[in-house]
Amino acid sequence: MASLPDSSQTLTPEAPSAKSATASTPDPAPEKVADATASVDEKSFVVASLTDSSQVFPPEVTMAEPAPDAALPAVTTIEINEECLVAEICIDRYLWALYQRTPKVDIIKVHEQRKVSVKKKGKTVTVTKSFTKLVDEDFTWKDPKAAEKAGMPMMDYVIGGMDRSFKLKLFHTLHAAEQAGLSPGITSAFRDDYRQSIASGLKAATDRSYHGGSFRGGYGRGLAADVVSVKGGTRAQRWISTESLWKWIDEHGKEFGIGRPYLDRDPPHVAPIDGKEYASRRGPKAQHAESQVKKRTRLAARDDHSVRRTHSAHRRKADMRVAAQVRR
């Protein structure tokens, strides 16, 4: 059984999670894990050639200075021993493997100003106009920078910072998605206040991120992760497989306690369905409020249709009276 590729992480006796060591340092002897009857070696992963692949982007987006979209080899499935399902260290390593194989690339908007010539009142004048373009942003450096600032190994920061119960739910969800052939990957997991402050795009306030902001409890209380699929040889194929992954999570995630609170507003973001974030966005109260808004919209549309229909009837009668007077 092949072992997990070296991720510069090894176990230390005093910690329940994996700690980093240099790549040349051999793994220490495995310890017994609580609630498990086999050693860590007996619960090791079968991981075959994790393959790097480009992040997903909608195929219709026009990118400024796009990187070459070379075909990539197929991503192989990460298999695990069934006995490993109860071992926290195995869960951490599995999620870490998904994180490692996922490129950290995003699309961001860049605003710039250019001087252009335009015609005004028959004369050519030079004016300054603002332009927005979409560019690739590689944010691979952000988690290592945050881990360094926190004085922690990468795996302990990114994976260890998540809430234990959430990690278990995320593990079962993504493992099931893997078995369904969707090749899930993780682009972001735990984020402290500093990591949140350097995040780009749609995001919460620095200390209020459910990824692990201090207002939410900080380290060990991260209740969010961003997931995509790394399956596909081209950008368009990876986008399609990622949409399939999100759809699969919408259909099956609740079986494992995981959902997408924001849907299309922040599609990669997943959270526990019994958490405050999901309840505030997709819970019964939120869904009731949403249904009430839809109901009011339907009633308004119906009333507007009734008004238009009544108005049209009055106009037809008026036209008939005018036509009768003309005939007279």
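Helices and strands are here DSSP runs, numbered from the N terminus. In this predicted model, Leu263 is found in the loop between strands β9 and β10, the latter spanning residues 269-272. Leu263 has a positive phi of about 50° although it is not a glycine. Most residues other than glycine have a negative phi. With a relative accessible area of 27%, Leu263 is partly exposed, because this value lies between the limits of 20% and 50%.

A positive phi is also found at Lys121, where the angle is about 55° although Lys121 is not a glycine. The loop that holds Lys121 runs between β5 (105-120) and β6 (123-138). Lys121 has a relative accessible area of 87% and is therefore exposed, the cut-off being over 50%.

The chain as a whole contains 8 helices and 10 strands. Of its 328 residues, 41% are buried. Among contacts in the chain with a separation of 6 or more, 62% are between residues 24 or more positions apart.

Helix α1 comprises the 13 residues 88-100. At 1.5 Å a residue, α1 should span 18 Å, and its end C-alpha atoms are 18 Å apart, so the two values agree. The helix is mostly covered, as 11 of its 13 residues are buried. The buried residues of α1 include Ile89, Cys90 and Ile91, and Asp92 and Arg93 are also among them. The buried stretch continues through Tyr94, Leu95, Trp96, Ala97, Leu98 and Tyr99.

The largest nonpolar core of the model has 35 residues. Those with the most contacts inside this core are Leu95, Met162, Leu170, Ile186 and Val227. Two or more residues are given to the core by each of α1, α2 (142-150), α3 (154-158), α4 (164-179), β8 (225-229) and α6 (235-252). The largest share, 7 residues, comes from α1. Val227, listed above for its contacts in the core, touches Leu174, Gly185, Ile186, Leu245, Trp246, Ile249, Pro268 and Val270 when residues up to four places away in sequence are not counted.

How do the axes of α1 and α4 cross? The two axes come within 10 Å and cross at roughly 60°. The helices α1 and α4 are therefore oblique to each other, and their crossing is left-handed. On the α1 side, the contact is made by Glu88, Ile91, Asp92, Tyr94, Leu95 and Leu98. On the α4 side, Arg164, Lys167, Leu168, Leu170, Phe171, Leu174, His175 and Glu178 take part. An α-helix has 3.6 residues a turn, so residues three or four places apart point the same way. Leu95 of α1 and Leu170 of α4 both belong to this contact, and both are listed among the residues with the most contacts inside the core. Leu174 of α4 also takes part in the helix contact and is touched by Val227.

Gly257 is placed in the loop between α6 and β9 (258-259). Its relative accessible area is 10%, so Gly257 is buried, the limit being under 20%. Leaving aside neighbours within four places in sequence, Gly257 is in contact with Lys169, Ala271, Pro272 and Ile273. The C-alpha atoms of Gly257 and Phe166 are separated by 8.5 Å, although these residues are 91 residues apart along the chain.

Definitions and conventions: Residues numbered from 1 in each chain as written. Predicted model: local features only at pLDDT ≥ 70, side-chain atom pairs only at ≥ 80, totals over all residues. Heavy atoms only, no water. Helix = DSSP H or I, 4+ residues; strand = E, 2+ residues; numbered from the N terminus. Expected span 1.5 Å × (residues − 1). Buried < 20%, exposed > 50% of the residue type's maximum accessible area, 1.4 Å probe, protein only. Core = buried A, V, L, I, M, F, W, Y, C linked by side-chain atoms within 4.5 Å. Contact = heavy atoms within 4.5 Å. Axes fitted to C-alpha atoms, helices over the stretch in contact; angles between N-to-C directions. Parallel < 35°, antiparallel > 145°, perpendicular 65-115°, else oblique. Left-handed = near helix turned anticlockwise from the far one by under 90°.
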